Amino acid sequence: MTKEEVLDIKTTLEKIVENLFLCEPLMFATYCTHVLTINPKITVPFRSGKMRIEYNPNILEKMNFEEIKKCFETEIIRVILKHPYSRKPDPFNPCIAIMASEVTIHQELAEKLELPPSLSYEQYYSLMRPEEIIRKEAETKKKFEENHDSSGNNKEENGKSSVPSFADDKKLQNLLAQAYDAEYGATGLWEENDIVMEELNSLIKDYAARGEKSWGSLERHLKDQILASLNAKIDYRKVLKNFRASILSEKKHLTRFKPSRRFGFEYMGSKREFTTKLLLAIDTSGSITNQNLKNFYGVINKFFKYGIESIDVLNFDCELQGEPVSFKKRQTAFTISGRGGTDFQTVFDYAKDHPEYDGVIILTDGYANHPQKKPGTKAKFVWVLTSEAEYNEHKDWMNESGKSCFLTVGKVNKKT
């Protein structure tokens, strides 16, 4: 492909994005959350995941404007529905996954494959699993034998098969063949990410609240699917693991035990160590029950599973309760102080004055005045609420300063 042809594809995509800006508010806002990236290795026109939308200009140059537009908008709708970020079925089949996604978005495919209408991606995936298709084939064969005599004459008028068949449609066959490549196929970027799902959910709720015009030209069944997808719940364990990974500090040290890559052992080489310093601020005000506190300290012990060597724990209510206490291993007993009102600003001010902390996790019920994150504050913040109800009540203002999630006791939140 020549440089001029690549530029022409970029111009085409710019026109499509401009149309989204003018006519499709939700789709345009979703597009802005991802990075549009060229990737001539992929086997499909577009694919999404890992916060980017990739495209292959070599494939797009063979398509007309309307075809490119349809494929691009389909990929954005796939992101809105969060298919690239949902939990993968086990075992995961990339062909069935992309087909289930396509059927969810384009309901005419459901009719073509004789599948029920208006199902979710997960439901279509289940119906299209190989073992399910084999079962349906067996049922159809049995029905055929019951409805036909030994000469093959039909006993009933309607002996139509209900087995989804890809063999009769070359377009579907091509899609499946392109999607199968594990690295460069349609699902090559798909991986479960609760944080991205929560960010997309917040975006959808914001635009849905703005009225009907925010939906643009999205069809009714897609609106229903998008709104239904908001029921997915975030798992606080994954939030904390991802948060820990996002605040790793890289430290570089010179060492004689490793040669310089350029000059050999004549000069010292370098070694990188990844460390992080965390502060857990625990709300010990009067509204926090003893069970809440027990659950909070259970979170502390979980961090040692994630490779954290040391955690500083700070109690607070309307003021800081002393200095942080450093823990280097799982604890079975903790000292609680406070039990007055609640002031989150004291924790934010402490984080501003102590830049050695890479991250601050606040465990609370959320009932207090909203704090202000002062300019120059280095630490990232995560709010952990005591329940889903409190999470729903406070998450909007909490997400202005960081991430938020809620505790589940006894089991992990499952997506619905």
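Here are some notes on the salt bridges and the nonpolar core of this predicted model.

1. Let's start with the charged pairs. Side chains of opposite charge can pair when their charged atoms come close. In this structure there are 12 salt bridges, and the points below walk through a few of them.

2. Take Arg 52 and Glu 54, whose side chains meet in a salt bridge at 2.7 Å, N to O. Glu 54 has a relative accessibility of 4% and counts as buried, because the cut-off for buried is under 20%.

3. Arg 47 joins Arg 52 and Glu 54 in a network of salt bridges.

4. Next, have a look at helix α11, which covers residues 220–228. Asp 224 and Arg 220 both sit in this helix, four residues apart, or about one turn. They form a salt bridge, with the closest N and O atoms 3.1 Å apart. Both ends are partly exposed: Asp 224 comes out at 40% relative accessibility, and Arg 220 has a relative accessible area of 49%.

5. Asp 349 and Lys 374 make another salt bridge, with their side chains meeting at 3.2 Å, N to O. Asp 349 belongs to helix α14 (residues 345–353), while Lys 374 is in the loop between β9 (359–364) and β10 (380–385), so this pair ties together parts that are 25 residues apart in sequence. Asp 349 is partly exposed, with 23% relative accessible area, and Lys 374 is partly exposed too, with 42%.

6. Now for the nonpolar side of things. Which residues touch the most other members of the largest nonpolar core? That core has 29 residues, and the ones to find are Phe 46, Phe 72, Ile 76 and Leu 218. As for where the core's residues come from, at least two are supplied by each of α1 (3–23), α2 (25–32), β3 (52–55), α4 (65–80), α10 (194–208) and α11.

7. Setting aside its neighbours within four places in sequence, Ile 76 is in contact with Leu 20, Met 27, Thr 30, Tyr 31 and Ile 53.

Key:
Residues numbered from 1 in each chain as written. Predicted model: local features only at pLDDT ≥ 70, side-chain atom pairs only at ≥ 80, totals over all residues. Heavy atoms only, no water. Salt bridge = Lys/Arg side-chain N within 4 Å of Asp/Glu carboxyl O. Buried < 20%, exposed > 50% of the residue type's maximum accessible area, 1.4 Å probe, protein only. Core = buried A, V, L, I, M, F, W, Y, C linked by side-chain atoms within 4.5 Å. Contact = heavy atoms within 4.5 Å.
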